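Please look through the sequence and the model shown here before reading on.

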Amino acid sequence: MPGSESLALTLRLAGEAESDELRRRANREALASLFERAAASSGLTPRPDRDGLRTRIPDDAAITSVTELLAGPLRTEVHRYNEQSGEANRLRVRAALHLAGEADFGHWLAGGDATGGAACAELELALSEQAHRVLRRLPEADLDAFHPVQTLYRTEQVKVWIHGEAPDLAQRTAPAFPGLPPSPAEFAGRADTLAQLDKYHRKGSDLVLLTGRAGLGKTALAVHWARRNAARFPGGVCYLDLAALPEDRDTALHEARGRILRGLGVSPDEIPEAPEARSKAYGARFTQPTLLLLDNPRTAEEVLRLRTYRTGPFTVAITNKPPRGLTEANVPEVALNVLARGDAAALVKSIVDVSDADADELAWAGDYLPGSIRQLAAGVAAMSTGTVSERLAALADQSGPLEAPGDPPEVVVARCALRVRKLSPGQQRRLTLLSLAGDRTIVAAGLAALAEISTTEAGRALDELHQRGLLERPGSAAEYRLPAAMADYAGARLREDEPAAVRSAAARRLAESSVRREEFVSWLNDSPAAHDDLKRDALADVLAVRLKRMSLSEPKPSFLVHLEGPWGSGKTTLLGLLSPKLADEFLVVEFDAWRHNRVDPPWWALLTALRQRVALELSAWGRTRLRLVETVRRARRTGGVPFLVSGLLVTVVVLAAILWLSPAWKTAKDVGDTARAVTAILAAVTAIWVAGLVASRFLLWNSARGARRLEQIHTNPMQEVAEQFAWLVSRSKRRVVFFIDDLDRCSEDYVVDLLDAVQTLVRDAPGKPRKGQRSAYFLVAAHGNWLRRAYEVRYEKLAPAAEEPTRPLGYLFLDKLFQLSVPMPAIGTDAMSAYFNRILNIREPAPAAAAAEEAELVASQVEGSSHVLDAMRAWEGASPPVREFTAPATAKKLAESESADLSEHALQKFAGLLHRNPRGMKRFVNTYSVLRATRTLEGVVVDSDALALWTVLRVRWPVLADYLERYPDSVGKPDYDEELLALLTDPELGEVLEHAPVTLTAELIRTCCGAQSREGS
């Protein structure tokens, strides 16, 4: 339902004034019980209101269910109750459909039996004038089938549909002022303003402007003056809110004339439908002094065309800011200001019994505005404990909710008023505009459209309103929700503060923004991110800590890590973030496998990348020396020494000949002979150099072709390559670590050849290790499915000979190759929403003050804990947003040496469930630690026993683990395929599941697999 025109339903018992307090309370409880029973399937939940029971109608589609509820279940429940209770306890229910923040229907609900005392029906439905206007354009709101329309008080202020025996409306007692809204029960001060209106009327003015900002009580004053002076206007008194008229000016004028005529007592049957005839009837009606109160005029023309120029009519136009045409016409103006201090205190004391000092304090708190004073005084009066100052402080406290269970409506309204009062004028306007959101849900782009500000500014405004407790955040990082109580208050303020045209324009902008909020965005590249937005930097910290620890504790062996994740999951970004964190202790060699996909053999490209990276660390002389020493080593190993010796000898002979011949130059002929001799010598040197270059490329494998030649002619070429690789690794002062990326974009042959080269040639230093020698580390970033499939395609014919029932060939190869597989963290809903907001340049709001304090406390507890269990308890006990915020620091704490040593004691109970070999046990410990870090970064709280059991399955039965990760709800179901049935019949698996300290369930699997599995299943 569009914006400010969202509807509400209010229920109240008729004739309550005739009952004692106990009877009224019992009847109200009975009505609440009947409504809840009748509305059990409608989704409507009423809450106590000063007018009775109230419930908001969420959207247009709910209108039909509301009318059906009233005509069917509720009517039946009330009728059944009345039959069982007897005449003395009969319930007569009045229902009102009205705008959510409207109160014009209140005089009908609050009055006696408007339809003639005891003749009141069991159930009456009233529609306020504005609600009737809304429903007329909703096809699903056809109420004709409910009951023929009756007109109440001969005014369109309220229309009534009646169930039960319809009374004779002609017998009712008409109210004293049918064309006026209810006057406030309390009125104080304004004697000078009332005197000014008297003066202008006595002087014969036919039009007066009553102006002043919202909240000054202009309408209340005008109604008060009209009631006090009604005897002066025998032609009648009528009030009309021009903001409720249609936007088309001719249609609005036509409808306004009809409403004024009905308000002045003209029968609807006597009001012509034709515009010209109605205009004549309107002009002819003003034969006696008549008073018109025209509220919220949109234009000067609107007022001037409704005013008549006969003798006697007196029109008061009530407006915040007078239309320009009226000021230019020198229409008299009566301007309202805030109440005088004494008048404001008197108004307070007419509402609540307080001392003079407390009355002054309340008046000051209400800014001396009558409307605010009434709200605050009523709120304070409804509170039972504390002084006035303490009650005001409690109402203004932003740390609590706007509406607590059991709060009287007056307290809620006062609390809203005081919190809004603390905002700047701009923020107050933005808050009131939010009431135009029909479902009370808003994002930055929506507020930007409403207030015509930038999305960034709107994001900051929503963040401030949330921190002040005026908005809720239901879960999404970018979405806010206006509480129901604040929506009612803000909607009423909006109708007071803004003209109808401004509200309509804002509602249209909001509707357009909900369809396409921000279409025009900058283009984004898909290159690896240099800035971390998804906790990849925290995972890089964890890996850096672990790799450095391993390098210190076990300096000689190599270590291969597989960064597992599909395309686009951030593997390249993670490598980029990890590189500078290792730079102080490791020499990082970056190797793009996709770029070298066509280079054969793959080991040559690896060796070349290593040489170039080592050389970059050296000076110019160091690089030259490295090249010379490497060349000599290659020549010695490949038989290329004679070429080098020959080249050196030729060079020495040439230099000696030039030096010997130079003193003999006496004539031009001698010089020419010498030149020819030198030319011949240089030609010979060039030929030898070219031969040496060709020999180096083919015999010393300075090119890929030379490397292939080495493989063809050497008796043990891979041994030579391994020795050369180990020598180059030893030239680095720091440990070498290879970052191999994009391997999952290469052909299956290249994938297998490169990984075989890493495994058989360069992972471990060959031969007898030298003192201080350290092998290289490798981090391979690739999709595991791609790597496994490459091996399965390459060795398809041999697969039956090697595969195990529970471990296919691809898994066997990768288990043999890598000591650890690190899954990329999944992106949860909140993280995904926040990341997308950053892509759209929507500012991420800062955490609320309470959340910030909790985050600071948890972070300090994690950092200061000496035992990993203490750190985990502090983190797991935090609220979800705080866990998300402190996850990086907690994961890093887990990775640090002391904490890691302590945490591994919890795994001792799983020793009997592991492979019966040291490799399997080491792999279990490594996998558990990285899964714990990954789940922590995802903000997932998982029990250590549950994660350990899942790690056992992941290490020993990876095929089963992959299947259960995709389909966690398949646990315990019989519809597995043949391959998985073979796994489930494995007696070792049954033994593990039987002796595990926890039971394998779908929820355990979702938790252990992280955000991706949990949300996607």
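## Cysteines and disulfides

If a disulfide is taken as a pair of cysteine sulfur atoms within 2.5 Å, the count for this structure comes to zero disulfides. A disulfide is a covalent bond between the sulfur atoms of two cysteines. The sulfur of Cys 1008 has its closest cysteine sulfur in Cys 1009, and because the two are 6.7 Å apart, they are too far from each other for a bond. Cys 1008 is buried, with a relative accessible area of 0%, and Cys 746 is buried as well, at 2%; here buried means under 20% relative accessible area, exposed means over 50%, and partly exposed lies in between, with a 1.4 Å probe and protein chains only.

## How the model is to be read

This is a predicted model, in which local features need pLDDT of at least 70 and side-chain atom pairs count only at pLDDT 80 or more, while totals for chains, interfaces and linings use all residues. Residues are numbered from 1 along each chain as its sequence is written, and side-chain values use heavy atoms, with hydrogens and water left out.

## The chain as a whole

The protein chain contains 44 helices and 19 strands, where helices (H or I, at least four residues) and strands (E, at least two) are DSSP runs numbered from the N terminus. Of its 1017 residues, 48% count as buried. If contact means heavy atoms within 4.5 Å, then among contacts between residues at least 6 apart in sequence, 74% join residues at least 24 apart.

## Salt bridges

A salt bridge is a side-chain nitrogen of Lys or Arg within 4 Å of a carboxyl oxygen of Asp or Glu, and the structure holds 33 of them. One of these joins Arg 305 to Glu 301, with the closest N and O atoms 3.4 Å apart. The two residues are four places apart in helix H9 (residues 300-306), so about one helical turn separates them. Arg 305 is partly exposed at 34% relative accessibility, and Glu 301 is partly exposed at 32%.

Another salt bridge is formed by Arg 923 and Asp 815, at 3.4 Å from N to O. This pair links distant parts of the chain, since Arg 923 belongs to helix H38 (residues 918-937) and Asp 815 to helix H32 (residues 809-817), 108 residues apart. Both Arg 923 and Asp 815 are buried. Salt bridges that share partners also join Arg 249, Asp 250, Glu 301 and Arg 305 into one network.

## A parallel sheet and its helices

An open sheet of five strands runs in the order S9-S10-S11-S8-S12, with parallel pairing, and two strands are said to pair if DSSP finds at least two bridges between them. Strand S9 (237-241) and strand S12 (333-335) are the edge strands, each pairing on one side only. From one strand to the next the twist averages 20°. S8 and S12 pair in the parallel sense over three bridges, and Thr 211 stands opposite Ala 335 in S12.

Helix H5 lies across S8, strand S11 (314-319) and S12, running at about 175° to S12, where axes are lines fitted to C-alpha atoms, for helices over the stretch in contact, and angles run from 0 to 180 degrees between N-to-C directions. Ser 205 is placed in the loop between helix H5 (191-202) and strand S8 (207-211). Ser 205 is buried, with a relative accessible area of 19%, and touches Tyr 200, Phe 314 and Pro 332, not counting residues up to four places away in sequence.
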